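Thank you all for coming. I would like to walk through one structure today, and I will begin with a term that we need before we look at any single residue.

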Amino acid sequence: MKCTTLLQRFESVSLRCLAIGCALLLCVIQFFYLSEHLNKCTQKSVTSGSHFPSLAGDRGRSRTSESSAIAGNLKGQWHVQDLWESYDCQKILFDSGDLPIPLPSDWAYLRAAYYGVMGSSIGNEVMPNGHLANIEGLTGLTALQSPGRGRGLFATVAYKKGDRIKSLSDEIYSGYFNTGQQYRDYLLALPRNLACEVTRWSYTLEELGEPKYIMLDLGFQSLTNNSPSPNAEHIPPNAEGAWAESGVALKDISPGDEILVDYTKYEAHAWSSMGLGKWKGQTMGLERGSPQNSNYSEDLSEEEILGDEWLMNDLWELRGCRNVIYESGDLPIPSLSDWMFLRGAYAANSGLSELNENFPDAEGTVIQYGGPYAQFYNPSRYRSFLLNLPSSLSCSVMIWAYTQRDEEGEVYVGLDMGSTTLLNNSDRANVREIKDITVTIRDIKEGGELVVSYRESEKERLWESIGFGNWEQIFKTK
Ligand SMILES: C[S@@+](CC[C@H](N)C(=O)[O-])C[C@H]1O[C@@H](n2cnc3c(N)ncnc32)[C@H](O)[C@@H]1O
């Protein structure tokens, strides 16, 4: 071969090698870049959503390795109580604060696991008259925390006595188990927290053409709470197709009311005869003083639950105020009738026929007559005032009220029962409140927000000294 040809070949081979080298390098860089991002994506899909595992995150595994390990202790014909103890369900369900509201995807997970365990055999897959309707979510209802009862279902529209509550009937996905063993298999197929939830969402029936079943609503309907004086009826299916009658309002129900049914109407207490031991399913913990249910709110009044010396935070928790004040979007601006309501309640509470209307002299421009203010020198009076207010108003009052000393140094709880109570706090206050009038201490432009210094109006945080606990600190950090 000629030298020139050799040189040409050499040049073209080196060029090709260089190109291949670059391509390889690019491949390696892209490989690392993509795998890094893929990793982030998979982490996201496992952890997003609620505390239940997402179906995508757990695909291919019937339960988490943690619950598999613990489930290893459950051998043979174990009882529901055995699972409850080895999974530490008491702690998961009752001792760890509010449980999250399950997402539609959580119910989908439960349904998928149900199909997985029960297969598609007729009778287990769909309800007799096809009520495994393909509808996600709820209509006319919503799921919220229900203080003292866990999560519950609440009406978002009004129902008249006798109306059908669509989401309690048509939109139900129900699973049922003919034998105790099927139920055991299902529980073992679930992650630990979900298995615990299912043990208290399930109930037994003696209907459906067969003597005994374990039922589980695989949807939001499982969140319906119990009451001996229910406002709705949730008749489970029977052989005659009682679905049509289920989900009926027994009383007029207003938006915001919790939907409550009487569990005892359908629970057949057949757990033991199905080989699952003594168990109560949904009716668990509904007795007074039961360890699962120290807050049982059925026949205990709020006064009984709280006792006499309750702290501000106790009522805040009991009435679900965190949700009312901080988690339900903008609160409405109170109207004059709301202030009049408060004033009426205060007058009734203090036995006053007339409220204080004395306006002290003040420097500055009087820009607002805040209207009467309340003073509670007696802590029990303030407690009974709050207890007698409607739930959401009491939550607002709790964050509006302040503690102060009068001229004689005596501590009282103060409450402005007019729009000045909406004044926000600032270190650069432009108004000051003197008794029930508000005066300017700086020029305020049109449209400017009036702000006051709370430090000045509440010089000392006195809640603790009058037996209400470290209240300021608590609600502000919530
Ligand atoms: C079918 S579940 C209802 C949904 C449940 N609240 C939740 O958060 O999962 C049944 C359980 O709810 C609770 N429950 C139902 N009604 C109640 C009530 N009136 N007072 C207190 N707890 C109640 C009990 O713990 C019961 O075992």
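A residue is called buried if 20 or more other C-beta atoms lie within 10 Å of its own, exposed if 12 or fewer do, and partly exposed in between. Please keep in mind throughout that what you see is a predicted model.

With that cut-off in hand, let us take T440, which lies in strand 16, residues 437–440. T440 has 16 C-beta neighbours inside 10 Å, and therefore counts as partly exposed. Its C-alpha atom is separated by 9.8 Å from that of V451, a residue eleven places away along the chain. R455, in turn, has its place in helix 16, residues 454–457, and because R455 has 11 C-beta neighbours inside 10 Å, it counts as exposed. The C-alpha atoms of R455 and S426 are 9.1 Å apart, with 29 residues of separation along the chain.

The protein contains 17 helices and 17 strands, and of its 478 residues, 28% are buried. If we take the contacts between residues at least 6 apart in sequence, 72% of them join residues that are at least 24 apart. The average pLDDT of the protein is 73, and 66% of the residues score at least 70. Where is confidence lowest, and where is it highest? It is lowest in helix 2, residues 55–58, with a mean of 31, and highest in helix 4, residues 80–86, with a mean of 94. The pLDDT is below 50 over residues 34–63, although the model gives this stretch 35 contacts beyond near neighbours in sequence. Residues 239–245 likewise stay under 50, and for them the model has twelve contacts beyond four places in sequence. Where pLDDT is low, the predicted coordinates should not be read in detail. For the complex, the predictor gives an ipTM of 0.96 and a pTM of 0.53.

Leaving aside residues up to four places away in sequence, A113 touches Y186, A189 and L190.

Is helix 9, residues 192–201, enclosed or open? Nine of its ten residues are buried, so helix 9 is largely enclosed by the rest of the structure; among the buried ones are R192, N193, E197 and R200, as well as L194 and A195. In helix 15, residues 391–400, the buried residues include S394, C395, V397 and M398. These four cover an arc of only 165° around the axis, which puts them on the same side of helix 15.

In the one, three strands form an open antiparallel sheet in the order 3-5-4. Strand 3, residues 174–177, and strand 4, residues 203–205, stand at the edges with a single partner strand each, so one side of each is left without a neighbour in the sheet. The twist from one strand to the next averages 35°. Strand 4 is joined to strand 5, residues 213–217, by three bridges, and the two run antiparallel; T204 stands opposite I214 in strand 5.

Strand 11 pairs with strand 13, residues 411–416, over four antiparallel bridges, and A374 stands opposite L415 in strand 13. Strand 12 and strand 13 also pair in the antiparallel sense over four bridges, with R405 opposite V411. These two strands form a hairpin with five residues between them, and in the turn G409 has a positive phi of about 85°.

Note on methods:
Residues are numbered from 1 along each chain as its sequence is written. This is a predicted model: local features need pLDDT of at least 70, side-chain atom pairs count only at pLDDT 80 or more; totals for chains, interfaces and linings use all residues. The arc is that of the directions from the helix axis to the C-beta atoms. Two strands pair if DSSP finds at least two bridges between them. pLDDT is the predictor's confidence in each residue, from 0 to 100. Two residues are in contact if their C-beta atoms, placed from the backbone, lie within 7 Å. Axes are lines fitted to C-alpha atoms, for helices over the stretch in contact, and angles run from 0 to 180 degrees between N-to-C directions.
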